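Reader: I would like to go through this model with you, one place at a time. Shall we begin?

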Amino acid sequence: MIDVVVGGVGMIPFTKPGRSESYEIMGAKAVRNALTDAGIDYSSVQQAYAGYVYGDSTAGQVALYGVGMTGIPIVNVNNNCSTGSSALYLARQAVASGAVECALAVGFEQMRPGALGTHWDDRTSPLGSFSDAMDSIQGLTPEAPIAAQLFGGGGQAYIDEYDMDPSVFARISVKARTHAANNPYSVFRDPVSLDDVLNSPQIWGPLTRLQCCPPTCGAAAAIVMSRAFAEKHGIDASIVIRAQAMTTDDPSTYESGDMRKVVGYNMTQAAARRVYEDSGVDPLDIPVVELHDCFTTNELLTYEALGLTPEGTAEKFIMDGDNTYGGRVVTNPSGGLLSKGHPLGATGLAQCTELVWQLRGQAAARQVDGAKVALQHNLGLGGACVVTMYEHVGARR
């Protein structure tokens, strides 16, 4: 397989619904930023993968036609909350296989206010089996958002097994806001206290409003290429995708009776193990991670699923400050989905952008000193999980 270089990344500041430009404008801006970062024209891109969840078919063409109309293949991708990293996965595969030398992944989302919902009520819901599994384990609460019940249930299962104080989850929101204060791309940059989080309106189980990611509008993009292409065009080839894996559900999602598995614990664990095996990197040697903190409960579960701390030790991991600056691994230096925001199609590529900036030493006040490897985790119920290992392999040109 051919080494895959991340030659350019770009994003735009995320915003609340109703305050953004139209999706195609946001997507085109993110692509232009990535092209400028790489120092190439759109004419150099040989394939493109456009990710979004809420939009009509071929919205990717509309966004990319605003950058150029070169006749290249454009593939539209929808994989729920893991859409952005799924687009990146496909772009990387295209380059690694030798099918193309340069490929683009872009993700964008123009969201509406409020909890996620479905636009189709006359056909089978892709999340129906997940709701059924949840109902059999903990029941359904009609007035509460389904996603909060699913991920809140995963957190409650952890509380039940390890007798953890639910307030530990709230500390993740405090950390997220602290990190986001240094990120000009984040929606929420004002600090919050532990009391602020705990006293915000109850959503479901251990989750309060400030422990749930906001609906967000935004866009991000990445350009991947072969090392030969990068060197031929004088592009910085210092950041490579060292390993990447995508997984989907196994039967335990529905059959285990464990809400943690219903919300993707096993998918994450399987993808991470494959990436560690392929890269040769030990999870305890990773200094910076962008992971899928759609709810505080999922961030805590993901610490253990990724092997950043042994099973049953996440409470100590958090209380000791090992999940932030000065600790063992900085998780979500961007502020994560909780504070940076979660425009579904853009999230995975925003994570990629942040980690490339970190490895280049371009993250300003968010910079994790000495980071040479970085890990990305992006999860979508329905389901798919993408885990990616990035490595800095040399000095910038």
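Reader: Leaving aside neighbours within four places in sequence, which residues is Ser 82 in contact with?

Author: Ser 82 is in contact with Asn 378, Leu 379, Gly 380 and Ala 384, once its neighbours within four places in sequence are left aside; contact means heavy atoms within 4.5 Å. Please note that this is a predicted model, in which local features need pLDDT of at least 70 and side-chain atom pairs count only at pLDDT 80 or more, while totals for chains, interfaces and linings use all residues. Residues are numbered from 1 along each chain as its sequence is written, and side-chain values use heavy atoms, with hydrogens and water left out.

Reader: Where does Ser 82 lie, and is Ser 82 buried or exposed?

Author: Ser 82 lies in the loop between strand S3 (74-77) and helix H3 (83-96). Helices (H or I, at least four residues) and strands (E, at least two) are DSSP runs, numbered from the N terminus. The relative accessible area of Ser 82 is 0%, so Ser 82 is buried. Buried means under 20% relative accessible area, exposed over 50% and partly exposed in between, with a 1.4 Å probe and protein chains only.

Reader: Where is Met 246 found, and why does Met 246 count as partly exposed?

Author: Met 246 is found in strand S8 (residues 239-247). Met 246 counts as partly exposed because its relative accessibility is 22%.

Reader: Which peptide bond is cis?

Author: The bond that joins Gly 382 and Gly 383 is cis, with omega about 0°. Gly 383 is placed in the loop between strand S11 (373-380) and strand S12 (384-392).

Reader: Turning to the helices, how many residues of H15 are buried?

Author: In H15, 14 of its 14 residues are buried, and the helix is mostly covered. Helix H15 (residues 347-360) reaches 20 Å from its first C-alpha to its last, close to the 20 Å expected at 1.5 Å a residue; the expected span is 1.5 Å times one less than the number of residues.

Reader: Which residue other than glycine has a phi near 65°?

Author: Thr 58 has that positive value, and Thr 58 is found in the loop between strand S2 (47-51) and H2. Asn 332, likewise not a glycine, has a positive phi of about 55°. Thr 58 counts as partly exposed at 39% relative accessibility, whereas Asn 332 is buried at 0%.

Reader: Finally, how many helices and strands does the protein have?

Author: The protein has 15 helices and twelve strands. Its radius of gyration is 20 Å, close to the 21 Å that the globule rule gives for 397 residues, so the protein is as compact as a globular protein of that length. That radius is taken over C-alpha atoms, and the rule is 2.2 Å times the number of residues to the power 0.38.
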